[in-house]
Each structure stands twice: as structure tokens, then as C-alpha cells.
Amino acid sequence: MEKIPMTRRGHEALEVELKHLKSEERPAIIRAIAEAREHGDLSENAEYHSAREKQSFIEGRIKELESVLSLAEVFDPAKLSGPIKFGATVTLVDEDTDEEKTWQIVGEHEANIEKGLLNIKSPIARALIGKDEGDSVEVRTPGGERSYEVLKIDYI
């Protein structure tokens, strides 16, 4: 199987989520199912069916996290330097609007655009890989062609 690139911070966040699901969510849902069973007829017991559905979701997420973590290849961006690569925190300026944006290029399982975490497989990240400060980057996005200038590259 192919390794999944991930930053150390992203790996730790998934480990924390997995631990929470196993140590808190799983036991809580088991108690909720047992409590719902005590209410009698399961065929018309909405609490029981809701708890079982939640249990199914939790178990699926646990399996997904275990799989992702077992295939994770963890990178420490602080040990990197040079042109843009996985883990870089990049500050760009939109050449049309002069709007500045800062993103960190991360793996798909830790990506969150609202938090400035850009998926390595996104069009912008793919266009940025290998570029250096001062370079101009043309990106084809769903909203059309965009031009950015790389202002700063950090490996934090």
C-alpha cells in the first residue's frame, strides 16, 4: 500500500482523535445501547436504533484512523528548507487582487482550508511545489485562472 504523507502535527491530531474515540466515545455508546435495551421492545426503540447507528459511525471512524495512521509517513517541516515542498507554509499574494494568503501544504487527511491547511493534491498545492520566493504561479481553479506570487516560504 502507498504511504500517506502527513505532518507531525497532523499525525498527533489523528492519534488524539483515535484515543478519544476508543477511550471515551466507544464506552459511552456501549452504555447508551445497554440503557436503550432496558427500555424493552427493540423494534420500536428509537434510542436503541440511534445508538447503534452512532456506534457504527464510531467503529468506522476508528478503523479509518487506524488504517491512515498505519500508512502514515510523518514529515517534520522544521527539518526542511529550500523551494516549496510538502509541509511548507507559503505566503502568496494574488496578483489580481493583491490579497495575501498563507497556507501550509499538508496531507489530505489533515487538510482544512478554513484553518489554512492546503491538501497536497489540490491544484494550488500542485502548482506551488518546486517554486521559490519571488516566483509567479499560474493556477487553474474551478473559479478560473489565478496568478499568485510567492512572497515567503517557511518550514515551521
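Which residue in strand 7 does Arg140 stand opposite? In this predicted model, Arg140 stands opposite Glu145.

**The sheet**

Strands of a sheet pair through backbone hydrogen bonds, in either a parallel or an antiparallel way. Here, strand 6 and strand 7 are antiparallel partners, joined over six bridges. Both belong to an open sheet of five strands, whose order is 5-4-3-7-6 and whose pairing is mixed. Strand 5 and strand 6 form the edges, each pairing on one side only. Ignoring direction, neighbouring strands of this sheet are turned by 45° against each other on average.

| Strand | Residues |
|---|---|
| Strand 5 | 117–119 |
| Strand 6 | 136–141 |
| Strand 7 | 144–154 |

Ser122 sits in the loop between strand 5 and helix 3 (123–128). Its relative accessibility is 14%, so Ser122 counts as buried, the cut-off being under 20%. A polar atom of the Ser122 side chain lies 2.8 Å from the backbone oxygen of Asn119.

**Helix 2**

Helix 2 covers residues 46–71, which makes 26 residues. From its first C-alpha to its last, helix 2 reaches 38 Å, close to the 38 Å expected at 1.5 Å a residue. The buried residues of helix 2 include Tyr48, Ala51, Gln55, Ile58, Ile62 and Leu65. Val68, Leu69 and Leu71 are buried as well. An α-helix has 3.6 residues a turn, so residues three or four places apart point the same way. Among the elements that cover the buried residues of helix 2 are strand 1 (4–7), helix 1 (8–37) and strand 2 (72–75).

Notes: Residues numbered from 1 in each chain as written. Predicted model: local features only at pLDDT ≥ 70, side-chain atom pairs only at ≥ 80, totals over all residues. Heavy atoms only, no water. Helix = DSSP H or I, 4+ residues; strand = E, 2+ residues; numbered from the N terminus. Buried < 20%, exposed > 50% of the residue type's maximum accessible area, 1.4 Å probe, protein only. Polar contact = N/O pair within 3.5 Å; in protein donor to acceptor, adjacent residues only side chain to side chain. Pairing = 2+ DSSP bridges. Axes fitted to C-alpha atoms, helices over the stretch in contact; angles between N-to-C directions. Expected span 1.5 Å × (residues − 1). Contact = heavy atoms within 4.5 Å.
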